Amino acid sequence: MTASLTPKPWIAAIHAYVPGKSAGADGRPLVKLSANENPLGCSPKALAARAQAVHPALYPDGDSTALREAIGQMHGIEPNRVIMGSGSGELLYLAASAYAGPGDEVLFSQYSFSLYDIVARRCGAEPVEAKAKDYGTDVDAMLAAVTPRTRVVIVANPNNPTGTYLPRAEIARLHAGLPADVLLVLDQAYAEYVAPERDDGSLELAASQPNVLVTRTFSKAYGLAGERVGWGTGPRAVIEVLNRIRGAFNVSNEAQAMALVALADQDFVVHSREHNARVRGNFVAAMEALGNHGVSVVPSEANFVMILFEGRLTGEAAYNGLAEAGYITRWLPSSGLGHGLRITIGTDEQMAAIAAILRDLAEQAQ
Ligand SMILES: *Cc1c(COP(=O)(O)O)cnc(C)c1O
């Protein structure tokens, strides 16, 4: 008998994360509106800081000390309650593997971030999906899905891929309904795109509750997706546990240097938020004008919108039509969203072009 190398069964069951595409089937470059990247790039000051980073021959500061202090100062958090990750994705893995394992459940909403399923399975836990309501997180359904085996609950707010948003009272109600031995992870990857007066109170919960972790990222509004920097905050005890299992040098010299300068350039972040709100508003209005063709929009607080195609023009035909015209968007049939397209908010010109293409496609489909 020959023994053969076998991955653990829960690892074998994982389907690898599928990133947004950037080229067509024929390799032709396309305008990429499939990964929620910042169409304005990043802070020019951060770009300049790249050259000033600690020499690549040297290991980075494994504790990202200056960056944690700056984040702490900006948000009023003690730096020892801030953990840096190689993207906030790393922090989601750490949270699940610290508190869940084989026999446990990790709960999240239907139509939420596809990484959550992988995060749950990688640590051997069972992913559990609560039914969504109006394409967003349904707090009642989430609470009803909690069992004695639930160890971690993950909520993206705003939610990706649908852009929906739970207000402060709903986040508080979800937390209040969870047992004390369940970790609530509030994934705020798009928080900087939300108007400050609509803040969902996540950071306050992370500061005051023993079982709340908030994750944020430099990948979206800060425009540093390629540098892989995310951060998390929660109770001291949780941060201390996650620090034990993170990559020792998980944020590169360049990433630390750029994120530090990007954080200080809040003008860029505000400009990104305002640009996004304005262009998104115009695009949503253009899509709502196609209502008689069965086109509708899921209300979004993020830098993307989920457009639903429930008339003659299908989600698949809209996706292919845009791709033929040079625009790549996100079509997610395997998430039960075959009738929709997630479109990142790009520049005024890009969104006007997309709106015109979709109008033509909808009219031709009649
Ligand atoms: C983009 C995104 C992230 C961020 O990923 P990084 O690893 O920080 O680049 C996390 N959660 C959601 C829901 C996202 O859409």
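I count two strands as paired if DSSP finds at least two bridges between them. Helices (H or I, at least four residues) and strands (E, at least two) are DSSP runs, numbered from the N terminus.

I am working with a predicted model: local features need pLDDT of at least 70, side-chain atom pairs count only at pLDDT 80 or more, and totals for chains, interfaces and linings use all residues. Residues are numbered from 1 along each chain as its sequence is written, and side-chain values use heavy atoms, with hydrogens and water left out.

**The sheet.** I looked up strand E10 (residues 304-309) and found five bridges to strand E13 (residues 337-344), the two running antiparallel. Ile307 stands opposite Leu341 in E13. I then traced the open sheet of four strands, E9-E10-E13-E12 in order, with antiparallel pairing. Strands E9 (295-298) and E12 (330-332) are at the edges with a single partner strand each, so one side of each has no neighbour in the sheet. From one strand to the next, the twist averages 30 degrees.

**Helices on the sheet.** I noted that helix H11 (residues 266-288) lies across E9, E10 and E13, at about 5 degrees to E10. Helix H12 (residues 315-324) lies across E10, E12 and E13, at about 35 degrees to E13. Axes are lines fitted to C-alpha atoms, for helices over the stretch in contact (heavy atoms within 4.5 Å). Angles run from 0 to 180 degrees between N-to-C directions.

**A helix pair.** I checked H4 (residues 88-99) and H9 (residues 236-245): their axes come within 10 Å and cross at roughly 100 degrees. They are therefore roughly perpendicular (65 to 115 degrees).

How values were computed
Angles under 35 degrees count as roughly parallel, over 145 as roughly antiparallel, 65 to 115 as roughly perpendicular and the rest as oblique.
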